[in-house]
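Please walk through this model with the structure open beside the text.

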Amino acid sequence: MTYRVRLTTEAEADLVRLYGFILERDATDWALAERALEAIRAGLITLERFPFTCRKAASDSPLLRELLIPFGSAGYVALFEIDDAETVTILAVRHQRESDYH
């Protein structure tokens, strides 16, 4: 079974924010920003087949889950919901060192 993975507007804004954060630290490091986005994309692709392997984000909602995406010494976390037998929705993406989702 393959799930369709879609992003909310908020999750898309998170990707722009995370990309911009890397460039704020070093405006010339486009390659690092691109590698970070590619790592996130690669992580999200795993949700097409294995969304239930990710950890639960809330004990009262088995369909609300988090995907850990390694990148460098830390990485990213994608909050997502399994909508039905065909669709997974990415709700938010944050850096692992951020305190919480925005």
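**Pocket and salt bridges**

Helix α1 gives the most to the lining of the largest pocket, with three residues. Helices (H or I, at least four residues) and strands (E, at least two) are DSSP runs, numbered from the N terminus. This is a predicted model, in which local features need pLDDT of at least 70 and side-chain atom pairs count only at pLDDT 80 or more, while totals for chains, interfaces and linings use all residues. Residues are numbered from 1 along each chain as its sequence is written, and side-chain values use heavy atoms, with hydrogens and water left out.

The largest pocket has a volume of about 180 Å³. The elements that give two or more residues to its lining are α1 and β4. A pocket here is an open set of points on a 1 Å grid over the protein atoms alone, where a 1.4 Å probe fits, with protein on both sides within 12 Å along at least five of seven lines; lining residues have an atom within 4 Å of a point. Grid points are joined across faces, edges and corners, and the volume is the space filled by probe spheres set on the points. Among the lining residues are Phe-21, Ile-22, Arg-25, Tyr-76 and His-95. The lining divides into six nonpolar, three polar and two charged residues. Ala, Val, Leu, Ile, Met, Phe, Trp, Tyr, Cys and Pro count as nonpolar, Asp, Glu, Lys and Arg as charged, and the others, Gly among them, as polar.

Now turn to the charged pairs. A search of the whole structure finds four salt bridges (a side-chain nitrogen of Lys or Arg within 4 Å of a carboxyl oxygen of Asp or Glu). One of them links distant parts of the chain: Arg-6 sits in strand β1, and Asp-83 in the loop between β4 and β5, 77 residues apart. The closest N and O atoms of Arg-6 and Asp-83 are 4.0 Å apart. Arg-6 is partly exposed, because its relative accessibility is 36% (buried means under 20% relative accessible area, exposed over 50%, partly exposed in between, with a 1.4 Å probe and protein chains only). Asp-83, at 34%, is also partly exposed.

Helix α1 returns with another pair. Arg-17 bridges to Asp-14, with the closest N and O atoms 3.6 Å apart. Both lie in α1, three residues apart, about one turn of the helix. Is Asp-14 buried or exposed? At 5% relative accessibility, Asp-14 counts as buried. Arg-17, at 30%, counts as partly exposed.
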